[in-house]
Amino acid sequence: MSLAAPAGSTPTTPAAPATRPAHARVSLIQAILVIWHRDVIRFSRDRTRLLVSLAQPLLYLLVFGVGLSASLGSGLGLPPGVTYLQYMCPGVMGMAVLFTAMFSAMSVVWDREFGFLREILVAPIKRSAVAVGKALGGATQAMVQGVLLLAFAPVVGVKLSLLGVLELVPLLFVLAFALTSLGVALAARMKSMQAFQSVMTLLVMPMFFLSGALFPLSNLPGWMTVLTWLDPVAYGMAPIRAAVLDGAGVPAAVLDRFTGITLGSYTMPATLDIAVLSAFGAVFLGIAMRALRRRG
Amino acid sequence: MSRETPGYPPIPETRPAHDGRDVITVRGLVKRYGDLEAVRGIDLDVHHGEIFGFLGPNGAGKTTTISVLCTLAEASAGTAIVAGRDVASDADEVRARIGLVFQDPSLDDQLTAYENLMFHARIYGVPRAARRQRIDSCLQTVGLAGRAAAPVKTFSGGMKRRLEVARGILHAPEVLFLDEPTQGLDPQTRARVWDHLREVRARTRTTIFMTTHYMEEAEWCDRIAIIDHGRIVALGTPEELKAQVGGDVVVLSTDDNARATAEVMQRFGVEARKDNGTLRIEVPDGADFVPQVVRSLSVTVKTATVRRPSLDDVFLKLTGRAIRDESADGRAQLRMFARRRGGHR
């Protein structure tokens, strides 16, 4: 009876019952959504970054692309009826996804540096939810970047088809999710932004060059072909290109023969590309989950 | 008894009585980092609804202990029951029942105060229908009701701290842990944070467990444990602990402290402890002692003050060092270093 409150501040509300039940634990899905939602809020607030990160793919497309096609003409071994700018247009979309996805994982390093990661890691949720939520957050961001670049397709003479665009969105998402998972897996081990940024730059550039974004992957020297097999971006690039150029009047099969990943004389079909890309994504996500579980 | 620190409201006369329920029970807790024993066998009972202070110099083992209690570090030996659950075997359940305010800030600067709290409410499973009301009431408790929509990056250090307190209690935890909650805040801000902590306790009867190395702050706690070199050297209410020191503390500064120490011991039979260029002497009656000591010493007494014993005096008496000696000793620094390396960052 003598649970005296401090003088002058008698509680106006009745005292809580002695044993308060904790709230029901949130489900895995809910936890993922909360993590994802926060990243989306942050992303949508940062308009400057959104615009700036669109600039780099555009620079490649308009300067590199225009310059290269002017000097090389049709000497790039492209399928008939496809200009280099048309070829490159899906390439820079993939590039935007690659860069945004990988660098979005910097938020993990950022959260560590600014302490918010602790708030996340001590919460009574599964660590796997943190990894998936982070990967989804970055993937959403990267996908939006890729889709925004669609607006420039007509500028370089790519006629978009509705079906192509509908295919493109999930494709961009799968690529973005796989790459963000890789980013999160790496970021979970990084202690500083500088380390993260240098590792990412080291990784992102070869992934970009070997993806088929800038030149077809058929007819490459053997050693380089092997490297393209190891590049997850390459497996996303071929189906994305097929979807974007759907409206250009070139049959996908023809396009694939010129631009897909080759195993000897065999060119991988889009479905197999997507399967391999998904497998890459699953492995990366698994590594990301493990990495976050270890890093208390 | 009145407060010595300006800006602080008076210490409440009545401390809450123990209702027989312990929210934290620690037995024989040991935490080693390699060869270093940061915590060397701690026993502790924290009563329901009290503000319990863990007082000690940097490197004494405070943060290590609180990390174990919050399931952020594993004990090397011993047991700890928090909110009825074992921290070692039931970490997830413990985490759902406690609130945490870390030593370092852990808010999302890009989000508003409201968004930060909403994130927390959702992730801790506060039911949708109750979220908004809980957030409003927690913001009100820490005096930030008007700032809900402001981005956290516009907040001052003290406001951020208060927001973290609000977040810590948002999911109605049984215990709120705070690791050095007022470190680096100016005295006014510190006092405000304290006002709100008391408000939290008054409104919700949440048990509060905090570490601190500020004496003024420890005075505010219902009970405190003084920790040094990984062991608890004293435990009780601030009054009880201060009662361990004799009636008054006389602080002298003299021309020759070493000689004065010897003479005080020789003539009065009491020990004078060195502290920061002064001598501290515990005597039953300070007003009576000062004229005598000034008269009888062969060295010149430059200043003499008489005051009531503080927790600092308690610490000095128990450990032979002043707690504010933050240079600490080599061992403590080594331990801190080990903690950082072995820790989670």
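Figure 1. With 19 C-beta neighbours inside 10 Å, Ala172(B) counts as partly exposed, where buried requires 20 or more other C-beta atoms within 10 Å of a residue's own, exposed 12 or fewer, and partly exposed lies in between, with C-beta atoms placed from the backbone. Ala172(B) sits in the loop between helix 5 (157-169) and strand 7 (175-179) of chain B, helices (H or I, at least four residues) and strands (E, at least two) being DSSP runs numbered from the N terminus. The phi of Ala172(B) is near 50°, a positive value in a residue other than glycine. Because this is a predicted model, local features need pLDDT of at least 70 and side-chain atom pairs count only at pLDDT 80 or more, while totals for chains, interfaces and linings use all residues. Residues are numbered from 1 along each chain as its sequence is written, and chains are lettered from A and ligands numbered from 1 in the order in which they are written.

**Figure 2. Arg205(B), a loop residue of chain B with positive phi.** Although Arg205(B) is not a glycine, its phi is positive, at about 55°. Its place is the loop between helix 6 (187-204) and strand 8 (207-212) of chain B. Arg205(B) counts as buried, with 23 C-beta neighbours inside 10 Å.

Figure 3. Leaving aside its neighbours within four places in sequence, Ile227(B) is in contact with Phe54(B), Leu55(B), Gly56(B), Ala60(B), Gly61(B), Lys62(B) and Ile232(B), a contact being a pair of residues whose C-beta atoms, placed from the backbone, lie within 7 Å. Ile227(B) and Ile42(B) are 185 residues apart along the chain, and their C-alpha atoms are separated by 9.2 Å.

Figure 4. Helix 9 (residues 257-268) of chain B has 12 residues and reaches 16 Å from its first C-alpha to its last, close to the 16 Å expected at 1.5 Å a residue, where the expected span is 1.5 Å times one less than the number of residues.

**Figure 5. The packing of helix 7 and helix 10 of chain A.** Two packed helices are described by the angle between their axes and the distance between the axes. The axes of helix 7 (residues 162-187) and helix 10 (residues 232-244) of chain A come within 9 Å and cross at roughly 170°; axes are lines fitted to C-alpha atoms, for helices over the stretch in contact, and angles run from 0 to 180 degrees between N-to-C directions. Helix 7 and helix 10 of chain A are therefore roughly antiparallel to each other, with angles under 35 degrees counting as roughly parallel, over 145 as roughly antiparallel, 65 to 115 as roughly perpendicular and the rest as oblique. Among the residues making the contact are Leu168(A), Leu171(A) and Leu175(A) of helix 7 and Pro239(A), Ile240(A) and Val244(A) of helix 10. The residues of this contact divide into 12 nonpolar, 2 polar and 1 charged, where Ala, Val, Leu, Ile, Met, Phe, Trp, Tyr, Cys and Pro count as nonpolar, Asp, Glu, Lys and Arg as charged, and the others, Gly among them, as polar.

**Figure 6. Leu149(A) in helix 6 of chain A.** Leu149(A), in helix 6 (residues 127-149) of chain A, is buried, with 23 other C-beta atoms within 10 Å. Leaving aside its neighbours within four places in sequence, Leu149(A) is in contact with Leu54(A), Pro57(A), Val92(A), Met93(A) and Ala96(A). Leu149(A) and Phe99(A) are 50 residues apart in sequence and 13 Å apart in space, C-alpha to C-alpha.

Key: Contact = placed C-beta atoms within 7 Å.
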